[in-house]
Amino acid sequence: MMSVKELEGLVERLYWLIRLRCIAVIAVSLTIFLTGHVLDFSLAILPLYSIAITLGVYNLLFFILLKLVKGRETASVINRIANAQISLDLLSLAVLVHFSGGIENPFLFFFIFHMIIASILLKRLASFLQATFAITLFFAVVVLEYNGILSHYCLKEFIVHDQRHNPIYITGISFVFVSTLYIAVYLATSITRRLRQRERALEATNIQLEEKDDVKNEYVLRVTHGIKEHLSAIQGCLEPVAGGITGELNPRQFDLVQRAAHRTAKLMFFVKALLQITRIRLSREIKMEYFLLKDLVSELIGYASSKAVDKNISVSFTIESSIDKIRAAKEYIQETLTNLIVNSIKYTPRNGKIEINIWDKGSLILIEIKDTGIGIPKDEIPKIFDEFYRASNAKEVERDGTGLGLSIAKHVIEMHNGRIWAESELGKGSKFSVELPKRGYREE
């Protein structure tokens, strides 16, 4: 029984075969032109060009057929298409060989390539049947030409003597041809079978690792949630004490309570971030909805403007008019962009500048957040999206960061089939770019 993944792999290999056949059509046409017109070989030009055209036509038909069955593929249908493609290719090659020298044609052994392709696409039994079909075609051409039923197109410019009636030559070529085809199929199917077994083993291992990762994440989620509840309780006790509700504190007591409240708030922030990234990693699907991106970003800038004003940082925002509604998980996108904008403000010195530009890229949108901040060391840029990683100069500005903000942003954007990356120059600023599909998926 073929798994969904194996079926998808077979369909992909059929498209690969179609691409190979396109190259073959060009190569055959070019070879006919060079040998027939440039080298002036006496070839049956018209039949040979007809074969090349036929090859191109049925290749196009197979491409259309694969498109028609897309979404309704079954193992039996795809296997029939694969067998039909290989069989027609072998028949075309046999006719091509017949019109260009028959048993004298050195390209006779191109049948081997088809056997290797058949071994990659088909099961072992089907591959050996295709090899038998190729051998049958070969002997049909040889026998029919030998008995004069088919005309023989001798390669006079390549062969000194006509070999179609030479029993020793025919026997030798036939033995080598038959043994080579069967050996090629045996070796190729053996290698392919081992690779598929290894692929299945790796797939099973990967599923087990994902399950273990889910168990680990579930554990982290439960533990972190429990910690959050205890921290909330501690905060609930500290706040009235710090506010003097339980009685006036002396300066020493007030200082200790304030420190405890500050540390608890920092720890609560870290725990919330850890909870968020764990929930994202456990999510297999996210709820998508349509919303106006312009309104969302305008709201975010309004929220962050007070922080920017305190540092006299100017924030500009432009969005191409063609961008209307997009389909995404609004809350996740809102939090991700908020984090990027707040980071830019946090790590941009006073009197700096932040630009937010949103470009229409067809089925995608490109969001760029550019600042004149402290920048990121060049060798650290590839690491900034790793969990718990913080750039060395960022620690000097903000000691208590979690190192989870950019990792959360990366997870969110990748869940939307998008991508996020950074460009930066130390001491001159950074630019964070987010590429997001308008409809929540990438259009091929």
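Me: In which sense do strand 5 and strand 7 pair?
Reply: This is a predicted model. In it, strand 5 (residues 364–371) and strand 7 (residues 429–437) pair in the antiparallel sense, over seven bridges.

Me: And which residue is the bridge partner of K370 in strand 7?
Reply: K431 is the bridge partner of K370.

Me: What is the strand order in the sheet?
Reply: The order is 2-4-5-7-6, five strands in an open sheet with mixed pairing.

Me: Which strands stand at the edges?
Reply: Strand 2 (314–319) and strand 6 (419–425) do. Each has a single partner strand, so one side of each is left without a neighbour in the sheet.

Me: What does the twist average from one strand to the next?
Reply: The average is 10°.

Me: Which strands does helix 9 lie across?
Reply: Helix 9 (residues 330–346) lies across strand 4 (353–361), strand 5, strand 6 and strand 7. Its angle to strand 5 is about 25°.

Me: Switching to the cores. How many residues are in the largest nonpolar one?
Reply: There are 54 residues in it, and I78, I86, F111, L121, F177 and L181 have the most contacts inside it.

Me: Which elements give two or more residues to that core?
Reply: Helix 1 (4–38), helix 2 (45–68), helix 3 (75–98), helix 4 (111–121), helix 5 (124–146) and helix 6 (167–242). The largest share, ten residues, comes from helix 1.

Me: What does F177 touch?
Reply: Leaving out residues up to four places away in sequence, F177 touches L108, F109, F111, A134, I135 and F138.

Me: What other core lies apart from the largest one?
Reply: One of 45 residues, among them L300, I323, L340 and I358.

Me: Back to helix 4. How many of its eleven residues are buried?
Reply: Eight, so helix 4 is mostly covered. The buried ones are F111, I112, H114, M115, I117, A118, S119 and L121.

Me: And helix 2, which residues are buried there?
Reply: L48, I51, A52, L55, Y58, N59, F62 and L66. Helix 1 and helix 3 are included in what covers them.

Me: Why would residues three or four places apart point the same way?
Reply: An α-helix has 3.6 residues a turn, so residues at that spacing point the same way.

Me: How far does helix 2 reach from its first C-alpha to its last?
Reply: Helix 2 has 24 residues and reaches 35 Å, close to the 34 Å expected at 1.5 Å a residue.

Definitions and conventions:
Residues numbered from 1 in each chain as written. Predicted model: local features only at pLDDT ≥ 70, side-chain atom pairs only at ≥ 80, totals over all residues. Heavy atoms only, no water. Pairing = 2+ DSSP bridges. Helix = DSSP H or I, 4+ residues; strand = E, 2+ residues; numbered from the N terminus. Axes fitted to C-alpha atoms, helices over the stretch in contact; angles between N-to-C directions. Contact = heavy atoms within 4.5 Å. Core = buried A, V, L, I, M, F, W, Y, C linked by side-chain atoms within 4.5 Å. Buried < 20%, exposed > 50% of the residue type's maximum accessible area, 1.4 Å probe, protein only. Expected span 1.5 Å × (residues − 1).
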